[in-house]
Amino acid sequence: MAESLRSLEEYLRTRLPTWDEDDEHIELDGHRIESVLPGVIQYNLLLKGSEEWIRGIGLNCREEQVEGLAKRIRSMSRQQWTEPRNSNLLLPGTTPKSTTRIFLTSTAPSNVPVQDAKVGDWVYHPEAILERLENDSFLEKDRLAAVLFAETKPFDGELRPRLLKALSRFIEGNRLTEDADRMIYLCSAIRKYAMNMGQDQIEAYAEWLLPTDTTPVHHEVEMEFVKGLSYRLQFEKLSLLHESPNAIEILGDIAFGYLRKSLILQKSYANTAMLLIVCISILESRSESQTDLTDQLLKKVEALGISWFQEMVEDNLSEALQFVEENNPEVAVKLHSLLGNK
Amino acid sequence: MATTRTSNSATVTVRPLDVLSIELRGFLFHSMLCDESSDRSDVNERTRVRVAHMRPPVAAESFRCHVVSGIALTERERSKIRKFVERFRKEMEANAKQLELAPDDPPKTLPSEPRYLIHPERQPPKTACPLWSFSCVGFVISAYKNGRITLLSPIRPLKTIEDLKLLYPDRADDLDDANKRAEYLPEGGDSWPVALVGYLANAFNRSDDEVRRAPFEPQPGDEHFPSQRLPSMPSVTT
């Protein structure tokens, strides 16, 4: 076997760029190579006739050879790497391209400029991302990519207010979009902004949920706004006695609007309504004002008579209480009291 | 339906939200939720089925599967589990877009993006990464939990780092790297009650009533399907 693997390695180094393959595998000296992945250079072998799998966990080649070999493999045909050729493989870089759009709703055709796909290494550096978010002279494709890649990078210290300012500008300019592709970037911006914003910004954040006289906030974007806020309220620090009357009023108005039998079974409204109730209950529990909006909403949920939805609301409220207990014990005491009799 | 295997010679029926698993060298190592809109009765081991799963990252795509597990979900359960998955749709689109746009040659010192876990099976959003992190099993059991079905007991066999290198062969090198290990196992320690894919297959290999009534309590050997529990241990009932 060791001899066979050595043969394979040699083969991969020297012959892959011109391999002769059928639609499922390439063959080498009695072995069937089911797949070779770019970048990590892993491979699966199926011993012919034996049904025995051998999984290679990396070529034993010198460090400086790895990148070159990966490039050669990739350069053969980008298309063949868009998804694993064998379902045993679950590794980075093998995703279907989002050009085959899935789960996009019937929204308007994209007006995001057609892009020459790949962006540069700058997407791994928060400072470089910020530069593109702040400076309109960069190409739009880079500014959009900056929004997307900012989501999973840390922006600490002085970088955070700059990030929030830039994302705020992007959200303000795009929050009413109907464009399916642009919504992907917008929702990334919303999630990142929500989790990083200070308590003082919650009131203004809620206003992004308001439609204009002629244009609504798309229901998928709306859910992401509410989901982002619910995460912020459950998982980041909050202080007691912090009033958010504007947010409570806006969220409550939307929640009551969706709590109708004819709507709750449609689109993302059940999730949005549930998340709204989670947000309102936490915001109310921080307030000194005597309001009973959560109580009214839960009565309305019960009156709907949709048992699975009521259970979903109850379970998610219960879980939210646990998270608030972990992150904001003082708020949790009041939240527990607010939900105590429900 | 319990748990069945796909094969080349016969087809099986796969229903939306069934749990699909992938096997490598006789070991189940990845679990996914069926994301088809209706039942499919034409599935063999070479059929690509639409799935939602923690790859990582959370993704919606098509995969083959070797093991199919499930129960006859009620409409109420189905609605709640479906709503859980729908809450991640926009994240799935963003993840797909990131992979589409990412440079061909990421730097070797790629900043860590802790979105995959071995244990615990899920971690909440943070400011650096405002997305839930899951293990593949964690995504599945969280979805079913939203349907009020608790698939696995929290009491499970403890696995050491050496066990995990065997269970996750493609991450064995990462597990030797202190930084990577801290991402996969953020709670530290030297052994963990990891939720393994085989446990799911064995959890579903019971009556529907039992799946709903009692979370499965895995024993050593249940990481395989069929279970390879030692003879002295009670076998999994069907």
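A nonpolar core is here a set of buried Ala, Val, Leu, Ile, Met, Phe, Trp, Tyr and Cys residues joined through C-beta atoms within 7 Å. In this predicted model, the largest such core holds 78 residues. Ala255(A), Leu276(A), Ile277(A) and Cys279(A) touch the most other members of that core. The greatest contribution comes from helix α11 of chain A, residues 269–285, which supplies 12 residues. Leaving aside residues up to four places away in sequence, Ile277(A) touches Ala255(A), Thr294(A), Leu297(A), Val313(A) and Leu317(A). There is also a second, separate core, made of 62 residues, and among them are Leu17(B), Met32(B), Phe88(B) and Phe204(B).

The backbone is the next topic. Most residues other than glycine have a negative phi, and most peptide bonds are trans. Leu17(B), already met in the second core, has a positive phi, near 75°. Leu17(B) sits in the loop of chain B between β2 (12–14) and β3 (19–24). Is this residue, Leu17(B), buried or exposed? Leu17(B) counts as buried because 23 C-beta neighbours lie inside 10 Å, and the cut-off for buried is 20 or more.

A positive phi also occurs at Lys267(A), where the value is near 45°.

Two cis peptide bonds in chain B can be described in turn. One runs from His119(B) to Pro120(B), with omega near 0°. Pro120(B) lies in the loop that connects α2 (89–101) with β9 (122–123) of chain B. Another cis bond joins Phe225(B) to Pro226(B), and its omega is about -5°. Pro226(B) falls in the segment that comes after α8 (208–213) of chain B.

Confidence in chain A remains to be considered. The average pLDDT of chain A is 78, and 65% of the residues score at least 70. Over residues 34–42 of chain A the pLDDT stays under 50, and the model has 39 contacts for this stretch beyond four places in sequence. Residues 76–110 of chain A are likewise below 50 in pLDDT. For that stretch the model contains 67 contacts beyond near neighbours in sequence.

Key
Residues numbered from 1 in each chain as written. Chains lettered and ligands numbered in written order. Predicted model: local features only at pLDDT ≥ 70, side-chain atom pairs only at ≥ 80, totals over all residues. Buried ≥ 20, exposed ≤ 12 C-beta atoms within 10 Å, placed from the backbone. Helix = DSSP H or I, 4+ residues; strand = E, 2+ residues; numbered from the N terminus. Contact = placed C-beta atoms within 7 Å. pLDDT = per-residue confidence, 0-100.
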